[in-house]
Amino acid sequence: MNGSNALRIVTLVVLPLLCLQTTVAADALETLLERADAPRWPARYKAVRAIAALPQDDRIFKLRVLLRTDKRPKVREAIAWAGYLEPDLLNATLLGISARKDPEPRVRRAAARALTRYRDRRSVGALVKAYQTETDHKTRLRIVQSLTELTSAPCLLDKAAWKEWWTKHEGDAHLRPADVPPEKNEYDGIVLETRTVAAVRPKGAKKKPLPHLLVLPGFGWNTEIYGSYLLPLRQRASLTFVRLPSVQSLTGRSGYGNDVGTYPVARLVKALERFREAHKIERFLILAPGATGWIAMRYAQTHKKACAGLILLDTAIDKKAYAAALRRAARRGSKAEQFTAKTLLHENGLPFNESTLKRLHATALERSFYDPSDLEIAHFYRHASEPQGFAIVPPIVFSGRVRIETPTVFVYSGASAFSTHHESARILKHFPNSLVTPIRGARGLPYLETNQEFHRVLEYFFERYFD
């Protein structure tokens, strides 16, 4: 293999999960509950789907009791997720109690997510009450996200504000959901799906205009995927979530075998600039993960005056840094990381086909999270909607005197062998107004795994460059 063929990236795709057939035997529930306690999340997810499909008989009453009393947090979490997957399985009042009182944050988060399926005032009241006493950071964000999906309330982040809002609206005859469909428009021949949410200025904050932050999820992810995890940024900026089209549609290539196109950076840079012009945004910041960060960096280099700042998550600075990360992971990464790296370097003989991509996706879960059995992670990954195939790394190399003066923060998952914070000297040379921050406890998605620390980093970034 030559260098250009060996250096390829994988975009996130749907991991097909086979749903179990509905089991109606008398011992089916006990068997499924055992599977729901399995250490590997795919087995747990299948069990949850099967639990959700059980007939509505007296076994459901047993599930309700187990949701409150089972000593195994994994089982309680699985039942709560089943309530989301099948809204008729459990009632809103029960899940509201679970959201407020279960000792495990992961169970409370699952319950808060499930409550969005009921869409009645009992769900809203339960969530508002839960928010008053919730201490877990990620669960608080999940509750706020659920409340904004259930009601027409603004995105509030203060418990007193939610209490005040509920006091005013508890008697409303109808609590309208605030669901706003995303916009789809064509920019320079590329269709972008976008969803914009306004900033929420905290009380006592300075009155100066807040910036606009463009959030670029990886290819195939929808516009809401980061929702609850990025909510605190609404106190700093208005947010526009962008869903990018598939790599195949942009390159005209299948993404498999020998029909692999180059990652389409230049075309998307042009589309983002047309988007900015069409919406009359003077300048915006861009938040981008992984390979999507190459689009953000090229935009900052091409449109210096229009780019106010960059927030790059687990992004290799260029092709050279990406290749070094692959070789490092292949030599001394975990077993899963070695498999991923050697596959992408074409050192283990696997063809670049759909089957290999599915294996890589499943392996990514194992290498990215300390607790791959967490059903929140499974739900997160289920939001990816399109297979993306493979793409050749674009010929981006920072060398010589190339400099991007745009304020930038590079946030890395420090526990991953793929992390390229090892390139900090090169990064600081070419991005002189930058911060390089590895988060020790993160393996793949720092905004999700280590959300509070992630936002502390961004708070410092905003204070340093934008206050």
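**Close-up 1. Strand 3 (residues 190-197) and strand 5 (residues 238-243) run antiparallel and are joined by five bridges.** In this predicted model, local features need pLDDT of at least 70 and side-chain atom pairs count only at pLDDT 80 or more, while totals for chains, interfaces and linings use all residues. Residues are numbered from 1 along each chain as its sequence is written, and side-chain values use heavy atoms, with hydrogens and water left out. Within this pairing, Thr 194 stands opposite Val 242 of strand 5; strands (E, at least two residues) and helices (H or I, at least four) are DSSP runs numbered from the N terminus.

**Close-up 2. An open sheet of mixed pairing is formed by eight strands in the order 2-3-5-4-6-7-9-10.** Strand 2 (183-187) and strand 10 (434-439) are the edge strands, each of which pairs on one side only, where pairing requires that DSSP finds at least two bridges between two strands.

**Close-up 3. Helix 6 (residues 92-101) packs with helix 7 (residues 105-115) at an angle of about 150°, their axes lying 8 Å apart.** Axes are lines fitted to C-alpha atoms, for helices over the stretch in contact, and angles run from 0 to 180 degrees between N-to-C directions.

**Close-up 4. The axes of helix 6 and helix 8 (residues 121-133) come within 9 Å and cross at roughly 10°.** Helix 6 is therefore roughly parallel to helix 8, a term that covers angles under 35 degrees.

Notes:
Angles under 35 degrees count as roughly parallel, over 145 as roughly antiparallel, 65 to 115 as roughly perpendicular and the rest as oblique.
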